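Please read them with the structure open.

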Amino acid sequence: MLEISDNGRTWLLSGPTSSYALHLTDGDELLHLHWGPRIGLADAEALAVRPLPEYWPFESPLDGREEYPVEGGPRFVRPALSVRTDERRGTEWSFERHESEDDELRLRFRDGGLNVTLHYRMCGDVVERRVTLDNHGTDLELLRADSAAWILPDREGWRLSQLHGRWGAESRLAQAPLTYGEKVIGSRRGHTGHQHLPWVALDTDATEERGEVYGCALGWSGSWRIAVAQLPDARVQVTGGAGYDDSGLLRLAAGESFTTPVFAGLWSDGGFGGASRAWHAYQRAYVIPDADRDRPVLFNSWEATEFDIAEEQQSLLARRAAAIGVELFVVDDGWFGTRTSDRAGLGDWTPNPDRFPSGLKPLAEYVHALGMQFGIWVEPEMVNPDSELYRAHPDWVQYQSGRKRTEFRNQLVLNLARDDVREYLWERLDGLLSSAPIDYVKWDFNRCFSDAGWPGEAYPQRLWVDHVRALYDLLDRLRAAHPGVAFESCSGGGGRIDLGVLGRTDQVWTSDNTDPLDRLAIQHGFSQIHPARAMAAWVTDSPNAMLNHRASSLRFRFVSAMAGVLGVGGDLAQWTEEELAEAGEWVALYKEIRPLVQRGDLYRLRPPRGGLSAVQYVLGDETVVLAWLQAQSYGEPLPALRLRGLDPAAAYECLETGEIHRGVVLVHHGLRTGLKGDLDAAVIRLRRI
C-alpha cells in the first residue's frame with residue numbers, strides 16, 4: 001500500500017507488518033524517515049517535521065539520513081551515484097515530480113540533461129528499490145550507480161550477518177559485531193561468486209525466532225558490491241549495486257538509459273527465522289517463475305559417467321532412474337561436439353555423432369516413454385580453444401591485446417556483450433531446444449572473468465554490465481520461445497545465486513559438494529535468504545569420491561537432500577538391488593512431503609553445529625521434521641525438539657509412531673525410534689486431527 005501526504009512530499013509504503021517512509025524537504029533533500037514496524041501516514045508526517053541536527057563543518061547532517069546520497073555537495077559518505085562528464089563530476093539534482101502506478105512510487109529528479117528516477121515497490125514486507133538513469137544531454141560516464149542506500153535506525157551494538165565461502169563450501173553463515181568504518185563484500189569476478197551471496201542482515205539482539213532483523217539482498221548476476229558503513233555518529237548506511245569498484249560502469253550517450261538491478265530490503269520482528277520465511281514467501285510470490293509448481297525429482301548423469309557418455313549407457317541409467325521414481329533425467333557434460341574431456345568442444349552445441357548418431361531426439365523420446373522428462377547440460381558463455389567455434393571466431397572471447405589469454409579449466413569466456421556472440425548463442429540454443437523434446441536445461445558457468453578486455457571497443461569496460469544483460473536477454477528469449485522448458489542456474493556449484501538469476505530460472509545448483517554432512521551447513525546458510533523450492537540437492541555415492549571420501553548411509557544422504565529439491569547423482573548402474581529398493585522408498589516419501597518442503601514455511605529448529613540438527617516445514621495442517629544426528633558423545637540422550645508454527649490448542653498425530661501430541665509439540669519418541677547412531681537421520685511427519 002502506498003500513501004502520500006497532502007503536500008505531496010511525504011511518502012509511506014506499507015506491507016502486512018512493516019512500513020517504509022521518506023520525505024522531501026523544501027530544499028529538495030530526500031530524507032529517510034522510517035523503516036520498521038507498520039505506522040500510519042500521520043506518524044510519518046510527524047517524523048518529517050523533525051529538524052536535521054547541526055554539525056561542525058567536518059561532518060554533514062545529510063550523511064546517514066539521505067535516501068540516495070549522490071556525489072557532490074555537503075556529503076562525505078560513500079555516494080550511491082557517481083557521474084562524470086568531460087567538464088565535471090558529481091550530481092546537483094532538483095526534484096521534478098512524483099508518480100505512482102500499481103503501488104509503485106517513482107520519484108523523478110533532474111541534473112541538467114540527466115534524469116534520475118528512484119523506484120519503490122512494496123512486495124509483502126519486502127521493499128524493492130532500483131534507479132533509472134536517462135541521459136538527454138551530453139555524453140556521460142556512470143562511475144557508480146547503486147540501486148539503493150538503506151538507513152538503519154539509531155541503535156547500539158549492531159551485528160552483521162553474511163554468507164561467505166568458496167567452491168565446495170558456499171553459503172556459510174558468519175556473524176560479527178559491526179564496528180566503525182566500512183565492511184565491503186562483493187565479487188570482482190564477472191559473476192555472483194562462490195565467495196559471498198549478495199545478502200546482508202543486521203540486528204542487535206535477535207534470536208532465531210525473536211527480535212528485529214534488517215536484511216538487504218541484491219538481484220544481480222555479475223560483479224557487485226555491498227558496503228555496510230557505521231558512520232562517525234554511529235548511524236548505519238548500506239549501499240549496493242552492480243560493479244565492484246568505481247572505475248567505470250557504463251557510458252550513456254544522449255538518448256541512452258540504464259536501470260539498476262533491484263536491491264530489496266526487509267524488516268522483520270520475527271528473528272532470523274521470521275526474516276527467512278518472509279524472504280522465501282517474497283521469492284515464491286514475486287521472483288521465481290512458476291513457483292507454485294513443485295520441482296520434479298531428477299537424476300543427473302555427471303557423477304555416474306562424467307565425460308564417458310554413450311546413448312545405451314544413458315538408457316540403462318534412465319531405466320534404473322525411472323524404476324526408483326525419478327521424474328526428470330538429465331544428461332550432463334559430454335554429449336556435444338568433440339567433448340570427451342574438459343579440453344575440447346565447448347561452444348559446439350551439436351550432439352556428438354559418435355555418441356548420439358541420430359541426435360538427442362531418440363534418447364529424449366526413450367526417456368519420455370519411461371515416464372520422465374528429459375534434460376541436458378550446457379555452458380553457453382564459455383568456449384574451448386580446441387573447438388570449431390574458437391577456430392572460426394577467436395576474437396569472440398574476452399581478451400587483452402598483446403596479452404596471453406588466460407585459461408581456467410581449459411576454457412575462455414565468450415564476450416556476450418557483442419551482438420554477434422549473443423545472436424550466435426540464441427540461434428544455437430533455440431535450434432537445440434527445437435531439435436528434440438527437451439524439458440530442462442542446466443546452464444553452467446565454470447570460470448571467472450580474468451582478461452576482461454574488448455579490443456577495438458571504444459568503452460570496453462561496459463562488457464562487465466552488458467555480459468549480464470545479454471545473459472538475461474538470452475534466458476528471457478529462450479523461456480518465451482520454449483515456455484515448457486525449465487532452467488537451472490549453475491556456476492561450478494553455487495557461483496551464480498542471486499535474485500536476478502532466480503527471476504529467470506526455476507532452481508539453482510547449491511554446491512558441487514554433495515557430501516551430505518557438509519551440505520547441512522551449506523543449506524543452513526542458503527536458507528537464510530532463499531527458499532527450499534529453489535535449492536537443488538543430490539544423493540550421490542558413498543564414500544563421497546569428489547571431496548572428502550566420507551562414508552554415509554543412504555538414509556543420511558537422502559534425508560539431507562530431501563531438505564530441498566531432491567536429485568540423485570550416484571551411479572545407479574553400480575547400486576545393489578537393496579539400495580535401489582531403499583532409494584525408491586525414499587523417493588516415494590519425498591513426493592509425499594514435497595509440497596511441505598517446497599512451498600511450506602521453514603523453521604530451523606537446531607543449527608548444524610554438531611550433535612542433533614533439524615529443520616521443520618509447515619503447510620496447512622501438516623508438518624514434517626528432517627533431523628540429522630551428526631555425533632553423539634558419552635551416550636547422552638537426544639534432546640526433544642520444540643516445534644514451531646503449529647496451533648498450540650490442536651492435536652497432532654505423528655505418522656511414524658501413531659502418537660498423539662497436544663499443546664506444544666515436542667518431537668521425542670519419533671527421534672528415538674528414528675535415529676540409531678552417529679551420522680544418522682530421520683523424517684517425522686505430523687498431521688492435525
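1. Two strands are called paired if DSSP finds at least two bridges between them. Helices (H or I, at least four residues) and strands (E, at least two) are DSSP runs, numbered from the N terminus. On those terms, four strands form an open sheet in the order β1-β2-β3-β4, and the pairing is antiparallel. At its edges lie β1 (2–4) and β4 (30–37), each of which pairs on one side only. Neighbouring strands of this sheet are turned against each other by 15° on average, direction ignored. Axes here are lines fitted to C-alpha atoms, for helices over the stretch in contact, and angles run from 0 to 180 degrees between N-to-C directions.

2. The model is predicted: local features need pLDDT of at least 70, side-chain atom pairs count only at pLDDT 80 or more, and totals for chains, interfaces and linings use all residues. Residues are numbered from 1 along each chain as its sequence is written, and side-chain values use heavy atoms, with hydrogens and water left out.

3. Within the sheet, β1 pairs with β2 (residues 10–14) in the antiparallel sense over three bridges. L2 has L13 of β2 as its bridge partner. Helix α1 (residues 41–48) lies across β1, β2, β3 (18–24) and β4, and runs at about 140° to β2. Contact, here and below, means heavy atoms within 4.5 Å.

4. Leaving aside residues up to four places away in sequence, R129 touches Y20, E67, H119, Y120, S147, A148, A149, W150, P261, V262 and F263.

5. Which backbone oxygens lie at the polar side-chain atoms of R129? The backbone oxygen of E67 is 3.0 Å from a polar atom of the R129 side chain, and that of A149 is 2.6 Å from such an atom. A polar contact is a pair of N or O atoms within 3.5 Å; within protein, one must be able to donate a hydrogen and the other to accept it, and residues adjacent in sequence count only if both atoms are side-chain atoms.

6. D515 sits in the loop between β29 (507–509) and α10 (516–526). D515 is buried, because its relative accessible area is 1%. Its side chain has a polar atom 2.8 Å from the backbone nitrogen of D518 and a polar atom 3.2 Å from the backbone nitrogen of L517.

7. Beyond four places in sequence, D515 touches N544, N548 and R550. With N548, the side chain of D515 makes a polar contact of 3.3 Å. G168 is 347 residues from D515 in sequence, and their C-alpha atoms are 9.6 Å apart.

8. Helices α4 (residues 311–323) and α5 (residues 361–369) pack at about 15°, with axes 10 Å apart. This angle makes α4 roughly parallel to α5 (under 35 degrees counts as roughly parallel, over 145 as roughly antiparallel, 65 to 115 as roughly perpendicular and the rest as oblique). The α4 and α5 crossing is right-handed; a crossing is left-handed if the near helix is turned anticlockwise from the far one by less than a right angle, and right-handed if clockwise. The contact involves E311, Q314, S315, A318 and R319 of α4 with P362, L363, Y366 and V367 of α5.

9. Helices α7 (residues 419–435) and α8 (residues 463–481) pack at about 30°, and their axes are 11 Å apart. That angle makes α7 roughly parallel to α8, and their crossing is right-handed. From α7 the contact uses R422, E423, L425, W426, L429, D430 and L433, and from α8 it uses A470, D473, L474, R477, L478 and A481.

10. For α11 (residues 554–561) and α12 (residues 577–599), the packing angle is about 25° and the axes are 11 Å apart. The two helices α11 and α12 are therefore roughly parallel to each other, and they cross in a right-handed sense. L554, R555, F558 and V559 of α11 meet E579, E582, A583, W586 and V587 of α12.

Terms used
Buried means under 20% relative accessible area, exposed over 50%, partly exposed in between (1.4 Å probe, protein chains only).
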